[in-house]
Protein chains: 2
Amino acid sequence: MAVPVWSVDPRTGKQREQAGAEATAADVDAAVRAAAAALPALADRSVRSRLLREAAGLLEESAAEVIATADAETALGVPRITGELARTAFQLRAFAGIVDEGTFLDVIIDHPDPAAHPIPRPDLRRYKIPLGVVAVYAASNFPLAFSVPGGDTASALAAGCPVVVKAHPDHPATSVLCADILRRAAVAAGLPADTVVLLHGFEAGVELVKHPLIAAAGFTGSVPGGRALFDAAAARPRPIPFYGELGSLNPVVVTAAAAAERAEQIGTGLAGSFTLGNGQFCTKPGLVLAPAGPDGDRLVGALTGAAQGALPGVLLDSRMRDTFLKGAAARAALPGVTVPVEPGEVPGDPLAVRPGYVEVAARDLAGQDAYEVLLEECFGPLTVVVRYGDDAELGAVLDRLPGNLTATAHLGADEAAEPDGSAVALLARLTALAGRVLVNGWPTGVAVAAAQHHGGPYPATTSTSTSVGGTAIERWLRPVAYQDTPPALLPPELRDSNPTRVPRRVDGIRE
Amino acid sequence: MAVPVWSVDPRTGKQREQAGAEATAADVDAAVRAAAAALPALADRSVRSRLLREAAGLLEESAAEVIATADAETALGVPRITGELARTAFQLRAFAGIVDEGTFLDVIIDHPDPAAHPIPRPDLRRYKIPLGVVAVYAASNFPLAFSVPGGDTASALAAGCPVVVKAHPDHPATSVLCADILRRAAVAAGLPADTVVLLHGFEAGVELVKHPLIAAAGFTGSVPGGRALFDAAAARPRPIPFYGELGSLNPVVVTAAAAAERAEQIGTGLAGSFTLGNGQFCTKPGLVLAPAGPDGDRLVGALTGAAQGALPGVLLDSRMRDTFLKGAAARAALPGVTVPVEPGEVPGDPLAVRPGYVEVAARDLAGQDAYEVLLEECFGPLTVVVRYGDDAELGAVLDRLPGNLTATAHLGADEAAEPDGSAVALLARLTALAGRVLVNGWPTGVAVAAAQHHGGPYPATTSTSTSVGGTAIERWLRPVAYQDTPPALLPPELRDSNPTRVPRRVDGIRE
C-alpha cells in the first residue's frame, strides 16, 4: 500500500488534500532511469535555454494557483510568495541567458605546438559537459526559489543535467504543481517530460543519493539532515559531489565607532533583519557582536523597542516551532544570559511565535563549552547579542565561530572611508569566516546576480560552490579535453569556426 | 625514539642513506601550524609568482644532484628524470605566469542597480581566495612532477596556500632535496621557510588529512590508499575537499576501419605506449579493444613483435614488483585468456620485469564477474587486448568500464574526416568514460597546457578537477563576494581602478 503524502495547513494543522504518495525504492529507481534517458536530448544548449524560458513563462501563467497553494501550505504569506515567484522566474530566465552566452563552458583551446617546451604540445580543446542526473533536495523555507523550480533545478537544467527532485514535506502540493510546470516546459521545448521527475518521502530521499545513476546532489536544509546525505554521497562505491547548504549563524560585528554614530539605526535594522520572514532565512543574523558601554546600550535599547513591536509569525511546521521554542529556552537558561525580549508561543495559535533576543557578555561566552549552543543556528525569529569590551574579547568570540554564509561589519564613517589597521583586520577576519562579506548592511536578501556567492566554509556549505547566482551552474559540470580530435568529431563550441560564438581562451588569448 | 626513513636503491635493494625520520603526531601538528602561519604572507600575488620562479631556478641550479638522487632512489633512469625536472621547472614557471595574469581569480563585479528586477541589486564583487593549508601526498612514479615540487604543490602555492607535503617512501632523499629548494625559494621571495613543510611516514599522512587546519588535500596514488584518505577527509567534523588521482585503465578502441588501414602501426604504437616508463604511467593504455578477424590479427602480431623486443625495466619498489607479477599471473590464469607475450621477472635482477600482454575475446569477458580483474589497472608493463566481433560486443565491454583519465579512439581516415553515426556515437561513449579523449594517438604523455585536463570519473579522480594544466589552481580556492564594501576595504583586484589589471567581468561585460 502506498503511503499517502498530505498537504497540511500550518495555520490550523489540518490536512488540506493528498498531494501524492511516498516513493518506494522501485519508484526511485524508475525515476532516476527515466531522467537519465533524457540526458542526450539536453546536449543541445538551445533546447536547454528554451526549456528554462518556457518554465519561467508557465510559472508566471500559473502564478495565482501556485501562490495560493504555497501560502496555504507554508503560511509564508501571499506578498512574500509573490516576490519569491518573481525571483524564481527571473532566475530561470537568467540561467537561460547564461546557457546561450556560454561562458560557463570554460572553453580553452591550445593549438598544437611542435616547438613547445619541454615537449611538443598536441592539439588540446577543453570545455565542460553535464555530470549526469542531479538529485535536488528542496528546502522548507522557500517553496519555490529553493525548491522544485528553484536555483538548484534551474542551474542543473542549464548545465544539461536532468533533475530528480525530492519534495519537501512542508509543501508537497506546491511541489506537484511546479513539477508539472517544469515537465510541461520540457515537452514544449521538445524534451522528454522526465527531464524533471518529482519524488516524495524521507526514505526516497535517502535512496536517491545512493542511486548509481545519480551524478551529483544539491541540498538546502539542516545540518543533521544535510550531513547524513553528504556522508551517504561520500560513502558510495563511486562518491559523488554533494552541494549542501546546511546552516549559518551569519555573525554581525558592530564596531565602537559604528555604535557611537548610529546605535539606534543599527538596532532597528537588526530587528528588521532577524525577524524578516519570521527568522526563517538562511541568512538571518543569528549572532551580533555589539560593544559594551553606553553606545552599545543605545543599540540594544533600539533593538528591544523594535523587537517588541514586531508581529508574531507562523513557523513552517510544528517540528520547527517546537525546536525553536526549545532552542530559545535553552539559550535563555544559560547563566549570565539575559532575555531583553522573550521569544515565545502565541496562545491559541498552533504554529505562531513571537520574536525575541538574548544577550550575553563576551567574557562569559569565551571558552565555555556550555555556551556552544549560542554559536549554533536557531531557525526562527531569535538572535543572540554578544557585548564585547575590547578587540581581544571580540577576537576570542570570532575565533570560536564555525563557517558562515555571510559575515557583516558595521563600521564608523571614518573606518569605512579611510580604514585603519583594525578595520582592515576585521574585514580579513570576516572574510575567513564566510562566503559573503557585507559592510553597513544586513545579510537577509540574497540578490540573484552574476557576482553573488551564497555559500561558505562548513557547515554553511559542504563545498566551495554557490547555490545562488550565475556561477551555481559550475556545480553540475565536469571538464573534458579533446586531444588531436578531427574537427568533424568536436562539439561546435570547440571547432575553430566557433559557430555559436561562445567566449573562449585560444592559445592564451581571450576571444 | 624516532623511526628512521631510509633511501633505498631499487636496483640492489640496499639502503643508501637515512633521509629523515617518521613524523609523530606532534610533528604533524607543528608542521601544519607553522605552514598556517605563512598564509597571510602569501596573500600578495607578486610574492607568489616570485616564489614559483625562484623555485624553478633553484631546481635547475640543483639539477645534477636532484637527478642523480632521484635516479638512485627510483631507477627511472637519468634521461627520464632529466625530462621530468624540465617539466617540473616549466610547470612552476607556468603557474607563476598564471598568478600574475589573474584569470584564475574569476573576478565578477556587479555594480548596484536600484532598478534591478525583481529587487534592487546591491554592489557585489566576487573573486577567489586561498582555502588555507594544503596537504599534498606525493606519488611514487614521478619523484618530481607529481611529488614535492610537482603540480599539486605548484598550483597550491600559486593559489596562495601553504603546503605540507607527505613524502613518498620510494624517494625520501629526493623529497628532502626538493623541500629544501622550495623552502629556500620561499625565503628568497620574502616568505617564511615554512610556506612548504615536508613530512615522512605513513601514519603522519593519515594524521595530516585529519588536522583541523588542513583545508584541502591533493593525492596521486593507488585506489585503496587514495580512497582511505578520501574517506578520512569526508568523515572529518569539518569535511575538506580531497583531490585524489587514484587509478585508470585508459581504454583504447581500435575500429575495424583503423585496423584495416594501419594494423601494424597501431600494434607497434601500443607497445611503445604501454611499455613507456616501464608501464608506470597513470595514463598507460591498460585495455585495448581491437577487432576480431585478420586485421585485428595483424595488429596483435605487430604488438607481439614489438613487445617481445621491448627491454625489461626496473619497477619502483619490491611491493610494486610483487603486485605486478601477481596481477599479471592472475589475469593470465583466467579461462579463455591467452598470453601472447608473457610478462615476468628477470633472473638475477631483484626489481626488473619483462613487459607482456594478455588477450581475451569480448564475449568471454562479457558479464563474468571473475573477469572484473581485467578491467582494473595493473601498474607496470602489462596491457589487456580484448577482441570484439561487432559493435554490440564492443559496447558491452565499454558498459562495464569504470571512470578513466583518458579514452582513445583509433579511427579510419574516412571515419575521422567525415564521421558517420557510429564514429560520433563512439566518441560520445568515450567522453562519458574519461576526462581526456584522444583520436589516433596514445594517452601516455600529458602536456602541461592551459587546455589540459588530467582527471576523470571515479576512480580516475575523486573530483571533477584536473591535477595537470593551468586550471589545477582552481582546486585550492573558494569564492567570496563583498557586498556594498567601501573601496578602501576591497582587495585591489575588486576596486574599480583594477590596479593589477586582472581580467574581469563587470556588469556582464568582459574587460
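This is a predicted model: local features need pLDDT of at least 70, side-chain atom pairs count only at pLDDT 80 or more; totals for chains, interfaces and linings use all residues.
Me: Which strands are the edge strands of the open sheet?
Reply: The open sheet is formed by 12 strands with mixed pairing, in an order that runs from E13(A) through E19(A) and E20(B) to E22(B). An edge strand here pairs on one side only.

Me: Which residue in E17(A) stands opposite Leu287(A)?
Reply: Strand E11 (residues 287-291) of chain A pairs with strand E17 (residues 382-388) of chain A in the parallel sense, over five bridges. Opposite Leu287(A), the residue in E17(A) is Val384(A).

Me: At what angle to E11(A) does helix H9 of chain A run?
Reply: Helix H9 (residues 256-275) of chain A lies across E11 and E17, and also across strand E10 (251-254) and strand E18 (404-410) of that chain. Its angle to E11(A) is about 155°.

Me: What kind of axis relates the two copies?
Reply: Chain A is superposed on chain B by a rotation of 180° with 0.0 Å of shift along the axis, at an RMSD of 0.0 Å. The two copies are thus related as by a two-fold rotation axis.

Me: Which residues have the most contacts inside the largest nonpolar core?
Reply: The largest nonpolar core has 344 residues. Beyond its neighbours within four places in sequence, Ala217(B) is in contact with residues including Val134(B), Leu229(B) and Phe242(B). The residues with the most contacts inside the core are Ala217(A) and Ala217(B).

Methods:
Residues are numbered from 1 along each chain as its sequence is written. Chains are lettered from A and ligands numbered from 1 in the order in which they are written. Two strands pair if DSSP finds at least two bridges between them. Helices (H or I, at least four residues) and strands (E, at least two) are DSSP runs, numbered from the N terminus. Two residues are in contact if their C-beta atoms, placed from the backbone, lie within 7 Å. Axes are lines fitted to C-alpha atoms, for helices over the stretch in contact, and angles run from 0 to 180 degrees between N-to-C directions. Copies are superposed by least squares on the C-alpha atoms of residues with pLDDT of at least 70 in both. A nonpolar core is a set of buried Ala, Val, Leu, Ile, Met, Phe, Trp, Tyr and Cys residues joined through C-beta atoms within 7 Å. A residue is buried if 20 or more other C-beta atoms lie within 10 Å of its own, exposed if 12 or fewer, and partly exposed in between; C-beta atoms are placed from the backbone.
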